[in-house]
Amino acid sequence: MDAVSRIRVVIAKPGLDGHDRGVKIVARALRDAGMEVVYTGLHQTPEQIVRTAIQEDAAAIGLSILSGAHMTLFAKVIELLKEQDASDIVVFGGGIIPEDDMPELERMGVARVFTPGATTQEIVEWVRSAVPARV
């Protein structure tokens, strides 16, 4: 994929969770696979994340949530994307998310959730297949 048409992904750690080793590994794997990655850092609000994704013309937002607030945080990001007429931005994520919550996350519009044990290769391949490159 050339530099003109690369997949652009915003990776974010919303909320109060301070553990970022895993999200940095995912961000590096996506970058090493040729994607343009913007990592927003720790303690981001849904508003900051959506604003960054729109400013960066991102095709996807990847959220890493270990705090247990995944239902609220995913819902808020998706709601803000709709309000900003940016529902075409693919939302995916990972973290400590109970299997019982997966159907509701999918219903609200989360494209994919990766749980502990997912490999970086699995995440890279999914992003390549599910997220469009932007010119």
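Me: What should I know about the model before we start?
Reply: This is a predicted model, in which local features need pLDDT of at least 70, side-chain atom pairs count only at pLDDT 80 or more, and totals for chains, interfaces and linings use all residues. Residues are numbered from 1 along each chain as its sequence is written, and side-chain values use heavy atoms, with hydrogens and water left out.

Me: How many aromatic pairs does a search of the whole structure find?
Reply: The search finds three. Rings of Phe, Tyr and Trp (its six-membered ring) pair if their centres lie within 6.5 Å; planes under 30 degrees apart are stacked, over 60 edge-to-face, and the rest tilted.

Me: Why is the pair of Phe-92 and Trp-126 called tilted?
Reply: The ring centres of Phe-92 and Trp-126 are 5.3 Å apart and the planes stand at 55°, so the pair is tilted. Phe-92 is in strand β4 and Trp-126 in helix α5, 34 residues apart. Helices (H or I, at least four residues) and strands (E, at least two) are DSSP runs, numbered from the N terminus.

Me: What makes the pair of Phe-114 and Trp-126 edge-to-face?
Reply: The planes of Phe-114 and Trp-126 are at 75° and the centres 5.9 Å apart, so this pair is edge-to-face. Ring pairs join Phe-92, Phe-114 and Trp-126 into a cluster.

Me: How do you know that Asp-101 has no salt bridge?
Reply: A salt bridge needs a side-chain nitrogen of Lys or Arg within 4 Å of a carboxyl oxygen of Asp or Glu. For Asp-101 the nearest side chain of opposite charge, Arg-107, is 11 Å away. Lys and Arg count as positive, Asp and Glu as negative; His and the chain ends are not counted.

Me: What puts the buried residues of α2 on the same side?
Reply: The buried residues of helix α2 are Pro-46, Ile-49, Val-50, Thr-52 and Ala-53. They cover an arc of only 160° around the axis, which puts them on the same side of α2. The arc is that of the directions from the helix axis to the C-beta atoms.

Me: Why is β1 described as largely enclosed by the rest of the structure?
Reply: Five of the five residues of β1 are buried, so the description holds. Arg-8, Val-10 and Ala-12 point one way from β1, and Val-9 and Ile-11 the other way.

Definitions and conventions
Buried means under 20% relative accessible area, exposed over 50%, partly exposed in between (1.4 Å probe, protein chains only).
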